[in-house]
Amino acid sequence: MNAPDSNFAAPAWLKSALPWLVASGLLFGIAHAISGGERSGHLVGEAAPDLSVQLTSGEQFDLSAQSGVTVVNFWARWCPPCRAEAGDLMRTHEALGGRGRVLGIAMEGRDIPAAAGLGMHYPIALATPGLPDAFGVSMLPSTFVVDAHGVVQASFVGAVTESQLREAIALAE
């Protein structure tokens, strides 16, 4: 077997085009993620995994003890789509009023201080070991709409919009 030619040089056009191709691909991926979450179907119709966390306020939050709809959102400060959807989540939390809540699950402790700066003035907790896996979170953001009976009625991967949440909440109520 012949060894690779160590004298190979990429054509000049490829060298100049490569950074643009990579940047275009990244921008397309970010734009797609920010443009609206895709329904994932993950866990829909199933009981939500056990979720018991300590909120940044110091209170204990237990999903099984909640009445009304709970929107569970897994996020991180370094995730552009997570940052983009924060306003939609806040407006959804305000619109729910006494009918439910949004719960932000920060993936890292360093995410917590960023929440207020992103306008996340709803309950926030740090993900406990195994919690993202229990919900099958493989990409951020991931959002789950859970009804008052603890059943997942909708799930999204990517930035979710206020209108998508409004529609999912209507089904969950």
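Q: Which residues have the most contacts inside the largest nonpolar core?
A: In this predicted model, the largest nonpolar core has 45 residues. Strand 4, helix 2 (80-96), strand 5 (100-106), strand 6 (124-126), strand 7, strand 8 (152-157) and helix 5 (162-172) each supply at least two residues of this core. Those with the most contacts inside the core are Leu51, Val71, Phe74 and Val145.

Q: Which residues does phenylalanine 74 contact, leaving aside its neighbours within four places in sequence?
A: Phenylalanine 74 lies in strand 4 (residues 69-75) and is buried. Leaving aside neighbours within four places in sequence, its contacts are Ile105, Met107, Leu131, Pro132, Phe135, Val137, Leu140, Pro141, Ser142 and Phe144.

Q: What is the angle between the planes in the aromatic pair of phenylalanine 74 and phenylalanine 135?
A: A pair of aromatic rings is described by the distance of the centres and the angle of the planes. A search of the whole structure finds 3 aromatic pairs. In the pair of phenylalanine 74 and phenylalanine 135, the centres are 5.3 Å apart. The pair is classed as tilted, and the angle between its planes is 55 degrees.

Q: How many residues apart in sequence are the parts that phenylalanine 74 and phenylalanine 135 tie together?
A: Phenylalanine 135 is in the loop between helix 4 (131-134) and strand 7 (142-146), whereas phenylalanine 74 belongs to strand 4. Both phenylalanine 74 and phenylalanine 135 are buried, and Phe74, Phe135 and Phe144 form one aromatic cluster. Because the two partners of the pair lie in these separate elements, the pair ties together parts whose separation in sequence is 61 residues.

Q: Which residues are joined by a cis peptide bond?
A: Proline 141 is placed in the loop between helix 4 and strand 7, and Pro141 is one of the contacts of phenylalanine 74. The cis bond has an omega of about -15 degrees. The residues joined by this bond are leucine 140 and proline 141.

Q: Is cysteine 82 buried or exposed?
A: A disulfide is a covalent bond between the sulfur atoms of two cysteines. The count for this model is 1 disulfide, joining cysteine 79 to cysteine 82 with an S to S distance of 2.4 Å. The link is right-handed, with 75 degrees about the S-S bond. Cysteine 79 has a relative accessible area of 3% and is buried; because its relative accessibility is 1%, cysteine 82 is likewise buried.

Q: Which backbone nitrogen does the side chain of aspartate 111 reach?
A: Aspartate 111 is located in the loop between strand 5 and helix 3 (112-117). Its relative accessibility is 0%, so aspartate 111 counts as buried. Not counting residues up to four places away in sequence, aspartate 111 touches Trp75, Ala76, Arg77, Trp78 and Ala106. At 2.9 Å, its side chain reaches the backbone nitrogen of glutamate 108.

Q: What pattern does the chain follow when read along the sequence?
A: The secondary structure comes to 5 helices and 8 strands. Of the 173 residues of the chain, 40% count as buried. Residues 24 or more positions apart account for 70% of the contacts with a separation of 6 or more. Along the sequence, the pattern is α-β-β-β-β-α-β-α-β-α-β-β-α.

Note on methods: Residues numbered from 1 in each chain as written. Predicted model: local features only at pLDDT ≥ 70, side-chain atom pairs only at ≥ 80, totals over all residues. Heavy atoms only, no water. Disulfide = S-S within 2.5 Å. Buried < 20%, exposed > 50% of the residue type's maximum accessible area, 1.4 Å probe, protein only. Phe/Tyr/Trp six-rings, centres within 6.5 Å; stacked < 30°, edge-to-face > 60°. Helix = DSSP H or I, 4+ residues; strand = E, 2+ residues; numbered from the N terminus. Core = buried A, V, L, I, M, F, W, Y, C linked by side-chain atoms within 4.5 Å. Contact = heavy atoms within 4.5 Å. Polar contact = N/O pair within 3.5 Å; in protein donor to acceptor, adjacent residues only side chain to side chain.
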